[in-house]
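Subject: Structure handover

Hello,

Here is the structure for you to look over. My notes follow below it.

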Amino acid sequence: MFVNCMDLPSADLLSRFDECFKFVDNALKSPGNRLLIHCFAGVSRSATVMIAYLMYRDGMCLDEAYGTVKEMRPIIKPNPGFMEQLELFEQMESKIDESNPMYKTYKLQVMAERIQAGEELSESDLCSTDIQTNNESFYRCMKCRQALFKTTSVMRHKMGEGEAAFDWRSKLPANQKEGFVSQTIDSTDCDKSLFIEPVRWMADSIRDMEGKLNCPKCKLKLGSFIWYGEKCPCGTWVAPAFHIQGSKVDLIKPRPLANVHQLTFSNGGQSDSRVVKTGQSDSSVLKMAQTDSSVVKSESNQLSCMSI
Ligand SMILES: [Zn+2]
Ligand SMILES: [Zn+2]
């Protein structure tokens, strides 16, 4: 198994943790099996995966996992970006929680950096718009009633916090400021504008750095986007900004269960299938390979190897 990841603070290793864990779990399934994790210098990338794995498997906090790995290999030093990702991982109780507002903000910023670096997004990078009938509230086009996004896709921010409001790093304990991007509305949340995370129907229109957002069905102009960000009227800098005009959409709230069937309507039959992006090549790759080789001394069993 190979995972592309540069040893840069801006590189996203966090969203690859789950697949790494799955590989490691699998590799260590039989007692006696060994696992070798390495990267170019064995300092930053491999250490990050190792620390995260101990947090996930043994429930260690970040400090404890870091200390454990450092004891075994004193030269480890995850780069500052990876340390922040580990802190966010700890905030999520050592599991990747796609619905966590801080994780959503993190992913959005990773996406913005990728776009600004000239990469293309695939549909699987974007949030699904499939509207379930199970009591989820959502927004629809005021003109044609096309379901557009769930309320969970709304990116809230605090009134007038400036750039920090949309920087997930500022929400970590070490940088704690008042408030955080939340799913629950509180009195300091800005209600001047509606910003959302990018969703699948936008896939074709958000390849540029900025542009309009039109309803996928009736083409009504709903708002605009700009990857670099824009300033909300409350003073907060929102980046990236997917700005929907509140007057162009209707909020549909869940109804009592007995009436749920009334909520059912077509969303164009979109499916939520995930397409894994492949074919990237990079000289600096995180490699996870499971082999039968006996390079590492092992009594008998399988050796698994992860190289980064
Ligand atoms: Zn429409
Ligand atoms: Zn605002």
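Met1 counts as partly exposed because it has 16 C-beta neighbours inside 10 Å. The cut-offs: a residue is buried if 20 or more other C-beta atoms lie within 10 Å of its own, exposed if 12 or fewer, and partly exposed in between, with C-beta atoms placed from the backbone. Met1 sits in the segment before β1 (2-4). Met1 and Cys305 are 304 residues apart in sequence, yet 9.1 Å apart in space, C-alpha to C-alpha.

This is a predicted model: local features need pLDDT of at least 70, side-chain atom pairs count only at pLDDT 80 or more, and totals for chains, interfaces and linings use all residues. Residues are numbered from 1 along each chain as its sequence is written, while chains are lettered from A and ligands numbered from 1 in the order in which they are written.

Now the sheet. Three strands form an open sheet in the order β4-β3-β11, with antiparallel pairing. Strands (E, at least two residues) and helices (H or I, at least four) are DSSP runs, numbered from the N terminus. Two strands pair if DSSP finds at least two bridges between them. The edge strands are β4 (147-150) and β11 (249-252), each pairing on one side only. From one strand to the next, the twist averages 30 degrees.

Strand β3 (residues 138-141) pairs with β4 over three bridges. Phe138 has Lys150 of β4 as its bridge partner. Tyr139 stands opposite Phe149 in β4. The two strands β3 and β4 form a hairpin with five residues between them. In that turn, Arg145 has a positive phi of about 70 degrees. With β11, β3 pairs over four bridges, again antiparallel. Here Phe138 stands opposite Ile252.

Next, a helix pair. Helix α2 (residues 45-58) packs against helix α3 (residues 62-72) at an angle of about 125 degrees, with their axes 9 Å apart. That makes α2 oblique to α3. Angles under 35 degrees count as roughly parallel, over 145 as roughly antiparallel, 65 to 115 as roughly perpendicular and the rest as oblique. Axes are lines fitted to C-alpha atoms, for helices over the stretch in contact, and angles run from 0 to 180 degrees between N-to-C directions.

The contact is made by Ala47, Met50, Ile51, Leu54 and Met55 of α2 and Leu62, Ala65, Tyr66, Thr68 and Val69 of α3 (C-beta atoms, placed from the backbone, within 7 Å).

Best regards

Note on methods: Two residues are in contact if their C-beta atoms, placed from the backbone, lie within 7 Å.
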